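Here is a short briefing for a reader new to this structure. Take a look at the sequence and the model, then read on.

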Amino acid sequence: MMGKSHLIISTGVTLSVMSLLGHEITIPAVAVAGLSALLPDIDEPNSLLVRKAVPESLLRILQVSLIGAAIYLYFAGIAAPPWNIALALLVGSVSFLPGRRLRHLVMLLLALALFAFADAYDPWNYIAACVLVVSSVVPHRGLTHTLYAVAGWGALLYFASLGMNDGGSLWIAGGMSYALHLLADSLTQRGITPLPPLPFKLRLKLMSTGTKKGSAVEKFCIVLTLVLVMYVFVLTPNL
């Protein structure tokens, strides 16, 4: 399922259900629900979340920086010949990696920066860094598309939001929105493996992403979501 569909469906259903259950809908809860709707696909370098966080312009800057670093290593005399040539070629060659690999590299560099320089944002900096590291090394629809990830993300939000004035519902918003993303992916031909190493796959085979049938299923789910949102927040806002 496409990223935009995940964002609308998971966020809309999550906030609607939370409202029906009597939970206050706060700005942090909306933000966490929206992030969690896209978070499972952080293991896919071309996903909506990763492309927005690591745009093409940033990749071009990284490539130019690597080429500049290679030239510097060649002329700086840090290593004697032929090792200066080897170092320059090694660093410079990284700039020619495919976009997917470069995005993984950027994610790792961002994780290192969060670990080293973002103490003021504790514990969110460590949470984000860990998510970036894990997501850059696991295959798509692997660990991030399991019930373990749902539980882990919900637990991280629960403990991180302790003591926050408006943080009581963050773990509910995040966990529910994350789980709805996985449920939506279970509609596809590929499905998900919710409890590895158990080989059980959850797949209803109703659609394939990018096909006409898949687009029709996504639009139908979006319409149902909008109807639910309209009912909860417009037609019966005081219930």
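H140 is partly exposed, with a relative accessible area of 23%. Partly exposed is the range between buried, under 20% relative accessible area, and exposed, over 50%, using a 1.4 Å probe and protein chains only. This is a predicted model: local features need pLDDT of at least 70, side-chain atom pairs count only at pLDDT 80 or more, and totals for chains, interfaces and linings use all residues. Residues are numbered from 1 along each chain as its sequence is written, and side-chain values use heavy atoms, with hydrogens and water left out.

- H140 sits in the loop between α7 (124-137) and α8 (147-160).
- Helices (H or I, at least four residues) and strands (E, at least two) are DSSP runs, numbered from the N terminus.
- Setting aside neighbours within four places in sequence, H140 touches D41, D43, E44, H145 and R190. Contact means heavy atoms within 4.5 Å.
- H140 and L35 are 105 residues apart along the chain, and their C-alpha atoms are separated by 18 Å.

**The chain as a whole**

- The chain has 10 helices and 0 strands.
- From the N terminus on, its elements run α-α-α-α-α-α-α-α-α-α.
- The C-alpha trace spans about 75 × 45 × 35 Å along its principal axes.
- Of the 239 residues in the chain, 42% are buried.
- The chain exposes about 13300 Å², and carbon and sulfur atoms supply 73% of that area. Accessible areas come from the Shrake-Rupley method with a 1.4 Å probe; for residues, only the protein chains shown count as cover.
- Take the contacts between residues at least 6 apart in sequence: 63% of them join residues at least 24 apart.

**How helix pairs are described**

- Two packed helices are described by the angle between their axes and the distance between the axes.
- Axes are lines fitted to C-alpha atoms, for helices over the stretch in contact, and angles run from 0 to 180 degrees between N-to-C directions.
- Angles under 35 degrees count as roughly parallel, over 145 as roughly antiparallel, 65 to 115 as roughly perpendicular and the rest as oblique.
- A crossing is right-handed if the near helix is turned clockwise from the far one by less than a right angle, and left-handed if anticlockwise.
- In residue classes, Ala, Val, Leu, Ile, Met, Phe, Trp, Tyr, Cys and Pro count as nonpolar, Asp, Glu, Lys and Arg as charged, and the others, Gly among them, as polar.

**α1 with α2**

- The axes of helix α1 (residues 3-20) and helix α2 (residues 27-38) come within 8 Å and cross at roughly 140°. That makes α1 oblique to α2.
- α1 passes α2 in a right-handed crossing.
- On the α1 side, G3, H6, L7, S10, T11, T14 and L15 take part; they meet A29, V30, A33, G34, A37 and L38 in α2. By class, this contact of α1 with α2 has 7 nonpolar, 6 polar and no charged residues.

**α1 with α9**

- The axes of α1 and helix α9 (residues 170-185) come within 9 Å and cross at roughly 135°. That makes α1 oblique to α9.
- α1 passes α9 in a right-handed crossing.
- Residues of α1 in this contact include H6, S10 and V13, and their partners in α9 include I172, A173 and M176. The residues of the contact of α1 with α9 divide into 8 nonpolar, 6 polar and 1 charged.

**α8 with α9**

- The axes of α8 and α9 come within 8 Å and cross at roughly 160°. The two helices are therefore roughly antiparallel to each other.
- α8 passes α9 in a right-handed crossing.
- A149, V150, W153, G154, L157 and Y158 in α8 meet L170, W171, G174, G175, Y178, A179 and L182 in α9. The contact of α8 with α9 has 10 nonpolar, 3 polar and no charged residues.

**S19 in α1**

- S19 has its place in helix α1. It counts as partly exposed, at 22% relative accessibility.
- Beyond neighbours within four places in sequence, S19 is in contact with I25, V232 and F233.

**Backbone details**

- A cis peptide bond joins P81 and P82, with omega about 0°.
- The peptide bond from P196 to P197 is cis, with omega near 10°.
- K205, in the loop between α9 and α10, has phi near 55°, a positive value in a residue other than glycine.
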